[in-house]
Amino acid sequence: MASSALSRLINLNRHFNLTGSSQGDKDIAGIGMVKVSPDVSKALSRGNPVVALESTIISHGMPYPQNLETAREVEEIVRENGAIPATVAILDGVPCIGLTSDELEKLANLGNKAQKTARRDIAYVVATRGNGATTVSATMVFANMVGIHVFVTGGIGGVHRHGEHTMDVSSDLTELGRTPVAVISAGVKSILDIPRTLEYLETQGVSVAAYRTNEFPAFFTEASGCKVPCRVDTPEDCARLIGK
């Protein structure tokens, strides 16, 4: 309890005066610093639950207006379950944690014009004042930066087929090993090499658990033929596993 409260206090200063208050300020300290929405900031400062959401699915996952409708629906599901949604994106060079309705619509309208942004791309998108839709790895970076401990997404990246020759491994996997954010997902995409993905996650020291099943899911299907090393059967088990 004490350490949790201390963590909230340490993060409080990140939720105030994070971006310039005028257009002129964009030329100095505002660019490159995060903007936390008021409802997300308030929830974090009070220790209330906040759930991070990625934005690549909005810009690259489906066409407009279905992408906007889906984004709003997912945020509403989070609210209905007692948490505050924090959709993450970079808009005009400013990393935003928690989007307004207008910002969601802007991102949805941009579609593929928004850059798909992983950890490696953050500096470039911010420096060029671009618009970036965050992948799993980038969303984890920003969630951890402001003290959000839980992130929900669809399918994460993994080791591509023939990855032992191409070395095509998603940065999502290394991020899972380096950033202390619990990622709730539907597993990895079924087109990937799931056994090698699980081996890579083990190498990275990532705890992999499935909820009420022994099967590792494959995005749109519950069964992949691969077993998980850990199983949890209650919300309380999940909370204990992630230390909350």
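This is a short walk through a predicted model of one protein chain.

Start with the whole chain. Its 244 residues form 11 helices and 10 strands. Buried residues make up 42% of the chain. The accessible surface comes to about 12,900 Å². Carbon and sulfur atoms account for 55% of that surface. Now consider which residues touch.

Next, the interior. In soluble globular proteins, nonpolar side chains tend to be buried together. Here the largest nonpolar core has 40 residues. Four residues have the most contacts inside this core: Val 40, Ile 97, Ile 148 and Phe 216. Several elements give two or more residues each. The helices among them are H2, H6 (122–127), H7, H9 and H10 (194–203). The strands are S2 (50–53) and S3 (84–91). Helix H7 gives the largest share, 7 residues. A second core is separate and has 12 residues. Leu 68, Val 94, Leu 107 and Ala 108 are included in this second core.

Leave aside residues up to four places away in sequence. Phe 216 then touches Gly 187, Val 188, Ile 194, Leu 198 and Val 208, among others. Further along the chain, its contacts include Glu 222, Ala 223, Ser 224, Cys 226 and Val 228.

Now turn to a helix pair. Helix H7 covers residues 136–146, and helix H9 covers residues 171–178. Their axes lie 8 Å apart, at an angle of about 25°. Angles under 35 degrees count as roughly parallel, so H7 is roughly parallel to H9. Which residues of H7 and H9 meet? From H7 come Val 136, Ser 137, Met 140 and Val 141. From H9 come Ser 171, Asp 172, Glu 175 and Leu 176. By class, this contact has 4 nonpolar, 2 polar and 2 charged residues.

H2 spans residues 38–46 and holds Ser 41. Is Ser 41 buried or exposed? Ser 41 has a relative accessible area of 9%. The cut-off for buried is under 20%, so Ser 41 counts as buried. Ala 86 is 45 residues away from Ser 41 along the chain. The C-alpha atoms of Ser 41 and Ala 86 are separated by 9.8 Å.

Finally, visit some details of the backbone. Most residues other than glycine have a negative phi, and most peptide bonds are trans. Begin with the peptide bond from Tyr 64 to Pro 65. This bond is cis, with omega near 5°. Pro 65 sits in the loop between helix H3 (56–60) and helix H4 (66–80).

Asp 92 is not a glycine, yet its phi is positive, about 55°. The loop between S3 and strand S4 (94–97) contains Asp 92. Its relative accessibility is 32%, so Asp 92 counts as partly exposed.

His 162 is found in the loop that runs between strand S7 (150–152) and helix H8 (163–166). Its relative accessible area is 55%. Exposed means over 50%, so His 162 is exposed.

Notes: Residues are numbered from 1 along each chain as its sequence is written. This is a predicted model: local features need pLDDT of at least 70, side-chain atom pairs count only at pLDDT 80 or more; totals for chains, interfaces and linings use all residues. Side-chain values use heavy atoms; hydrogens and water are left out. Helices (H or I, at least four residues) and strands (E, at least two) are DSSP runs, numbered from the N terminus. Buried means under 20% relative accessible area, exposed over 50%, partly exposed in between (1.4 Å probe, protein chains only). Axes are lines fitted to C-alpha atoms, for helices over the stretch in contact, and angles run from 0 to 180 degrees between N-to-C directions. Angles under 35 degrees count as roughly parallel, over 145 as roughly antiparallel, 65 to 115 as roughly perpendicular and the rest as oblique. Contact means heavy atoms within 4.5 Å. Ala, Val, Leu, Ile, Met, Phe, Trp, Tyr, Cys and Pro count as nonpolar, Asp, Glu, Lys and Arg as charged, and the others, Gly among them, as polar. Accessible areas come from the Shrake-Rupley method with a 1.4 Å probe; for residues, only the protein chains shown count as cover. A nonpolar core is a set of buried Ala, Val, Leu, Ile, Met, Phe, Trp, Tyr and Cys residues joined through side-chain atoms within 4.5 Å.
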